[in-house]
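I opened a new page for this protein today.

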Amino acid sequence: MKSLQNRAPWSWLHSPWALALMAITLLVLDGVFSQALAHGVAEGDKGYIQETSGFLFWPFVYLGAKHMVTGYDHLLFLFGVIFFLYRMKDISIYVTLFAIGHSSTLLLGVLTNVSVSSYLIDAIIGLSVVYKALDNMGAYQRWFGFQPSTKAATVIFGLFHGFGLATKLQDFQLSPDGLIGNLIAFNIGVEAGQLLALGGILILMGFWRRSNSFWKHAYLTNVVLMTLGFLLTGYQLVGLFVM
C-alpha cells in the first residue's frame, strides 16, 4: 500500500471528486437519519415476510438484494475493503470471505434464534467501517508497528454484518414452513445485491483511479469514511441507551 501521509490537507477542496464525495456523504447521512438505518426493513416488506407461508424463492431473493443495495453500512465497509484492491482475484477473495462470514451468522442466528440487541450489533458494524478506514490510512502500522490481518478482519466483521440482519429477521416471526429455503433464497439475494453494488463502486473507482486526484485525495476519502463509521456507531449507541 502506498503511503497516504503528507498529503496537502486542503487541496481536496479543488477536486470535483471531493465535491462528489461530499454530496454522496450528505445523501448517505440523510438516508441514515431519516430511515431505520441499514438493517431496517420497509413496512411493506415486513408485512409480506410475516404473512407468507411456504417456500418462495424469488420474492426472498428480491428482498435480500434490496436489503444489500440499500445497506449503507455494508456498502461503506466493502468500499473500504476494496479501496486499494486492483486485481479481480484479490477483490474476489475478500468478497468471498465477507460473504462466508455474512452468510454463516445470517442463517445460524435465525435458525437457532440467538438474539442480541440490534442496536449493539449495528454499532459494532459501524466500528467495522472505522476499523477499515484506519487500516487504509496505515494507522495500525504507525500506532502499533504491525499490520493486522485484513482477511481475518473481513471474516470477523462479516460475521457481525450477517448477525445484524439475523436479529432483524427474528422480529418478523417467519413461518417455519419453508423457512430454510427462504433463508437461503434471502441470502442469495443479499450476495447478488452485494455483487451488483460492488460492480457500480468498482466502475466509478476505475475512472477515479485513472485520474491524478486519486492519490491526492485517498487519505481524505478514508477520513470521511471513518467519520461516517463513527456517526453510524453513535446513532446506534443512542438507540441502545435511549430508545
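Ground rules: I am looking at a predicted model, where local features need pLDDT of at least 70, side-chain atom pairs count only at pLDDT 80 or more, and totals for chains, interfaces and linings use all residues. Residues are numbered from 1 along each chain as its sequence is written, and side-chain values use heavy atoms, with hydrogens and water left out.

Entry one, the fold. I looked up the secondary structure and found 10 helices and 0 strands (DSSP runs, numbered from the N terminus: H or I of at least four residues for helices, E of at least two for strands). I also checked burial: 50% of the 243 residues are buried (under 20% relative accessible area, 1.4 Å probe, protein chains only).

Entry two, the pair. I picked helix H4 (residues 72-82) and helix H8 (residues 150-169), whose axes come within 12 Å and cross at roughly 175 degrees (lines fitted to C-alpha atoms over the stretch in contact, angles from 0 to 180 degrees between N-to-C directions). That makes H4 roughly antiparallel to H8 (over 145 degrees).

Asp73, His74, Phe77 and Val81 of H4 meet Thr154, Phe157 and His161 of H8 (heavy atoms within 4.5 Å).

I found His74 buried, at a relative accessible area of 0%. Its side chain makes a polar contact with the side chain of His161 at 2.7 Å (a pair of N or O atoms within 3.5 Å, one able to donate a hydrogen and the other to accept it).

Technical notes
Angles under 35 degrees count as roughly parallel, over 145 as roughly antiparallel, 65 to 115 as roughly perpendicular and the rest as oblique.
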